[in-house]
Amino acid sequence: MTYVLAFDQGTTSSRSLIFDGDGAVVSIAQNEFDQIFPQAGWVEHDPAEIWSSQITTATQALQKAGLSAKDIAAVGITNQRETTIIWDRVTGEPIHNAIVWQDRRTSERCSRIRASHGEFIRRRTGLEVDAYFSASKIAWLLENVANARERAGAGELAFGTVDSWLVWNLTDGRLHITDVSNASRTLLFNIHSLDWDQELLDIFGVPRALLPNVRSSSEIYGEVETPNHLHGIPIAGIAGDQQAALFGQACFDPGATKNTYGTGCFMLQNIGKRPVESKHRLLTTVGWKIGGKTEYALEGSVFIGGAVIQWLRDSLGIIASAAEIEALAASVHDNGGVYFVPAFAGLGTPYWDQDARGTIIGLTRGTGRAHIARAALEAIAFQSADLLDAMHADSGKYLTELRVDGGATANSLLMQVQADLLQIRVVCSRTTETTALGVAYLAGLAGDVWSSTNDLAKHWQAGDRYEPKMNEGQAKGLRSRWQDAVERSLDWAR
Ligand code: ADP
């Protein structure tokens, strides 16, 4: 039996999973690490802790499975995207904490660059100029860490997203690489030529000497050197978390779409071999590159997805756990005219308005906590429906099914509401581990565990399915009221 190890390095925890040749999970280990909040709006991680927590979980996953390095055909790495680390090429020491994708310290700089170069940058990178992506974080580090700019120009420093950082450490500094999917989230990468772009580097003031080599998402890059008990495992797959989840959901054909319901929601649609530019403010991103062939995806994101449920729990206190939301929301048969736009951190796709603020509207004397709970749950589905509309409008293709994953898919009321609003079938994948599985697939393809995506597509298994029960007219009515509520959230900022 051959096994594949997946590193799933997330925003709040590092995890390692071992999969067998059928793509079934053999063991899992997880380790949370510290979130560092130096100021309002700033979020950092300690790169040493990212590394040590990742390796600890790999060790534990092997122990739990009773396996050793020689049983592992390949390791794949999937990671929180955009998070930025710069380190010294000689000592391997980071010059600063990692600046996490959520960090907003560079918002103003991004607003200025968007005003002068937004269109140009969108065409080259497929992205909006936003603090979310790596480029402005790199610029901040070069300006705010003593001597960093001179050292970067002299080639003494290395930049990487978390995948690069892990590979560098796994190979004792021999490999400074990333893959196309992670590179495409930096704002420095030309998604047409698949290379770093000098004009973009000039706009953000980033020297090329800092940057990793960009490789495909599935190839044998090298072997693990450190730690000793993982020595010799081929490193064979790298992909950002959302692209990995698209791959793990076996969305291999153009049009295939998945939505992940976690803290936020991320919807990605495979658009095939050409990077179509969105007319509806979706991002165009590289999905993966395998054997010289690149496939692209459209991506839309909802900033506050499952997080609205956490807010009901932690700030309003109307539920004690996320799981309680379903029974509470189901205790009323509809939202009672209440709409809740959780624009706590602005609105993402298709608005990209960082000043929008949350709205609860339609309250009456008869409104109770159950209506608020229901409206919050529906908000997750309404926002996701807006993403799929944008994808429909861009691609002109109408889906018959949406594949879903993530923690909030445990909520069957939410999934039913989603099917009702979209008027298409919603299908959960049987495994909840689509992100890790996706990168295990990428690594296993290069490591000869699997031969082709056709081989992999056979593994994919549906879990729960939800068919629309509401009629089209009712769904349209609800969505139009939702749209009115969104306008209020946008207006508040103006
Ligand atoms: P992430 O990977 O972003 O940490 P997960 O996939 O673990 O997220 O999902 C956690 C999110 O799902 C949390 O925001 C939580 O509030 C939400 N969630 C968990 N269980 C439920 C539920 N039964 N109903 C609705 N939301 C839920």
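The model is a predicted one, in which local features need pLDDT of at least 70 and side-chain atom pairs count only at pLDDT 80 or more, while totals for chains, interfaces and linings use all residues. Residues are numbered from 1 along each chain as its sequence is written, and side-chain values use heavy atoms, with hydrogens and water left out.

Let's begin with the overall layout. Domain 1 brings 26 residues to the contact and domain 2 brings 21, where contact means heavy atoms within 4.5 Å. Between them the domains bury about 1900 Å², with 53% of it on carbon and sulfur atoms. Buried area here is the accessible area (1.4 Å probe) that two parts lose on being put together, summed over both. On the domain 1 side, the residues losing the most area to domain 2 are Glu-128, Ile-191 and Gln-242, which together make up 28% of what that side buries.

Now for the polar side of this interface. The rule finds 10 residue pairs in polar contact across it, both residues at pLDDT 80 or more. A polar contact is a pair of N or O atoms within 3.5 Å; within protein, one must be able to donate a hydrogen and the other to accept it, and residues adjacent in sequence count only if both atoms are side-chain atoms. Helices α2 (107-125) and α6 (180-183) each supply at least two residues of the domain 1 side, and α2 gives the largest share, six residues. Helices are DSSP runs (H or I, at least four residues), as are strands (E, at least two), numbered from the N terminus.

Three salt bridges also cross between domain 1 and domain 2. A salt bridge is a side-chain nitrogen of Lys or Arg within 4 Å of a carboxyl oxygen of Asp or Glu, and the count by this rule comes to 33. Arg-281 pairs with Glu-128, their closest N and O atoms being 3.1 Å apart. This pair links distant parts of the chain, 153 residues apart: Arg-281 sits in the loop between β16 (265-272) and β17 (283-290), and Glu-128 in the loop between α2 and α3 (135-144). Glu-128 counts as buried at 5% relative accessibility, whereas Arg-281 is partly exposed at 29%. Buried means under 20% relative accessible area, exposed over 50%, and partly exposed in between (1.4 Å probe, protein chains only).

Within α2 itself, Glu-119 and Arg-123 lie four residues apart, about one turn of the helix, and form a salt bridge at 3.8 Å. Glu-119 is partly exposed at 43%, and so is Arg-123 at 44%.

Another salt bridge joins Glu-299 and Arg-185 (3.0 Å, N to O). Both belong to a network in which shared partners also connect Arg-81, Glu-82 and Asp-241.

Asp-241 brings us to helix α8 (residues 241-248), where eight of eight residues are buried. Among them are Asp-241, Gln-242, Leu-246 and Phe-247. After α8 comes Ala-250, whose phi is positive, near 55°.
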